[in-house]
Amino acid sequence: MSLLKESAEWLKEQGSDQWSDVLQGEDKHGLATAVSKGEVFFFYSSMNQLVGMAAAWKTPTEWDKLLWKDFGFDQKAYYLHRVIIRPAYRGKSYGKELLNELKRKFSGEVSDLRLDCLASNEKLMQFYQENEFINVGSSNDWNGNEFELFSYEI
């Protein structure tokens, strides 16, 4: 949770209110429970320092059901959330390495990896596209905020 809070604070410093729920003490994705179920994957540097993490769910969350409703729910898709690289490690290719590790881990096990991001976050959208995720469309959340949806077919 401290890794999540660290990233939420960094986002706030960048002028984004994304993940502001974390700063209010909320865990809307249930990460603490997901860790105990083995659904959160931690990523370490070669020096064994915690660099980042990502959650991967086979069962779509209510959030996923909302955003992906027009695109169907493949029984073999995994939904990635809270893909995080600690601020101190950003810009050093760790994000690419983390995504590649997830691709390798789930190769042969799932059909595709799915994730989303705010449509206003052009830098993140470009990052996902540079890492072979295809922008399959957009969708709105309950508040009307637009999100871009990305998929990587394995």
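**Ground rules.** I number residues from 1 along each chain as its sequence is written, and side-chain values use heavy atoms, with hydrogens and water left out. As the model is predicted, local features need pLDDT of at least 70 and side-chain atom pairs count only at pLDDT 80 or more, while totals for chains, interfaces and linings use all residues.

**Arg-114.** I looked up Arg-114 and found it in strand S4 (strands are DSSP E runs of at least two residues, helices H or I runs of at least four, numbered from the N terminus). Arg-114 is buried, at 8% relative accessible area (buried is under 20%, with a 1.4 Å probe and protein chains only). Its side chain makes a polar contact of 3.0 Å with that of Tyr-79 (a pair of N or O atoms within 3.5 Å, where one must be able to donate a hydrogen and the other to accept it, and residues adjacent in sequence count only if both atoms are side-chain atoms).

**Cores.** Next I checked the largest nonpolar core, which has 23 residues (buried Ala, Val, Leu, Ile, Met, Phe, Trp, Tyr and Cys joined through side-chain atoms within 4.5 Å). H5 gives the largest share of this core, 5 residues. Another core, of 13 residues, lies apart from it and includes Trp-19 and Trp-57.

Last, I noted about 1500 Å³ in the largest pocket (on a 1 Å grid over the protein atoms alone, an open set of points where a 1.4 Å probe fits, with protein on both sides within 12 Å along at least five of seven lines; lining residues have an atom within 4 Å of a point; the volume is the space filled by probe spheres set on the points, which are joined across faces, edges and corners). I see 45 lining residues, with Leu-11, Gln-18, Trp-19, Asn-121 and Leu-124 nearest the centre.

Methods
Buried < 20%, exposed > 50% of the residue type's maximum accessible area, 1.4 Å probe, protein only.
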